[in-house]
Amino acid sequence: MKIESFCLEDTFRLGYNLGCNAESGQVYCIYGDLGVGKTVFTQGFAKGLGVDEAVNSPTFTIVQEYKGEKLPLYHFDVYRISDISEMEEIGYEDYFYNEGVCLIEWAELIEEILPKKRTNIYINKDLTKGFDYRIIEIKVEV
């Protein structure tokens, strides 16, 4: 499925709608360059789960945990990991195979440990259609 986003609010709303429909144990992998809206999408997703606190990119902590009204959210930003063993040190399996929902920014950096069953979200700019334009593709892997 491909969705056009013409502004930050569209990207936020898509995340929100997916968060409202998220289920226990799901893993969402977010792919896209710097500045495409991965964190905006995640903020909407968190709001859809009922997370009330501010959601920011956990760049220096790898994972940030949030308690949602519906489910816990485990927000990963693996941009700065230098070795997959860092994921083992934080006990990634406890998050990936838990009752909460995982959102992983820069998932391509840990491809070899990602669950086969996951939802991939690809966010890409197309500056020919405007500065805020994004094409967001959602692919469910089973």
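A salt bridge is taken here as a side-chain nitrogen of Lys or Arg within 4 Å of a carboxyl oxygen of Asp or Glu. The legends below describe close-up views of a predicted model.

**View 1. Salt bridge between D10 and R13 in helix α1.** The side chains of D10 and R13 are joined in a salt bridge, with an N to O distance of 2.7 Å. Both residues belong to helix α1, which spans residues 8-20. They are 3 residues apart, or about one turn of the helix. R13 has a relative accessible area of 45% and is partly exposed. In total, the structure holds 4 salt bridges.

**View 2. Salt bridge between E4 and K129.** An N to O distance of 4.0 Å separates the side chains of E4 and K129 in this salt bridge. The pair links distant parts of the chain, its members being 125 residues apart. E4 is located in strand β1 (residues 2-5), whereas K129 is in the loop between β6 (118-125) and β7 (134-141). With a relative accessibility of 40%, E4 is classed as partly exposed.

**View 3. Salt bridge between E137 and K139.** Here the side chains of E137 and K139 meet at 3.8 Å, N to O. E137 is partly exposed at 22% relative accessibility. K139 is also partly exposed, with a value of 38%.

View 4. The structure holds 0 disulfides. C7 is partly exposed, its relative accessible area being 23%. C29 is buried, with a relative accessible area of 0%.

**View 5. Nonpolar surface patch made by L34, Y79 and L109.** The side chains shown are those of L34, Y79 and L109, which make a nonpolar surface patch of about 300 Å². L34 is placed in the loop between β2 (27-31) and α2 (38-49). The relative accessible area of L34 is 59%, and this residue is therefore exposed, the cut-off for that class being over 50%.

How values were computed:
Residues numbered from 1 in each chain as written. Predicted model: local features only at pLDDT ≥ 70, side-chain atom pairs only at ≥ 80, totals over all residues. Heavy atoms only, no water. Disulfide = S-S within 2.5 Å. Buried < 20%, exposed > 50% of the residue type's maximum accessible area, 1.4 Å probe, protein only. Helix = DSSP H or I, 4+ residues; strand = E, 2+ residues; numbered from the N terminus. Patch = residues over 30% accessible without salt bridge, like charges linked within 9 Å, V, L, I, M, F, W, Y side chains within 5 Å. Areas by Shrake-Rupley, 256 points an atom, 1.4 Å probe, with all protein chains shown as cover.
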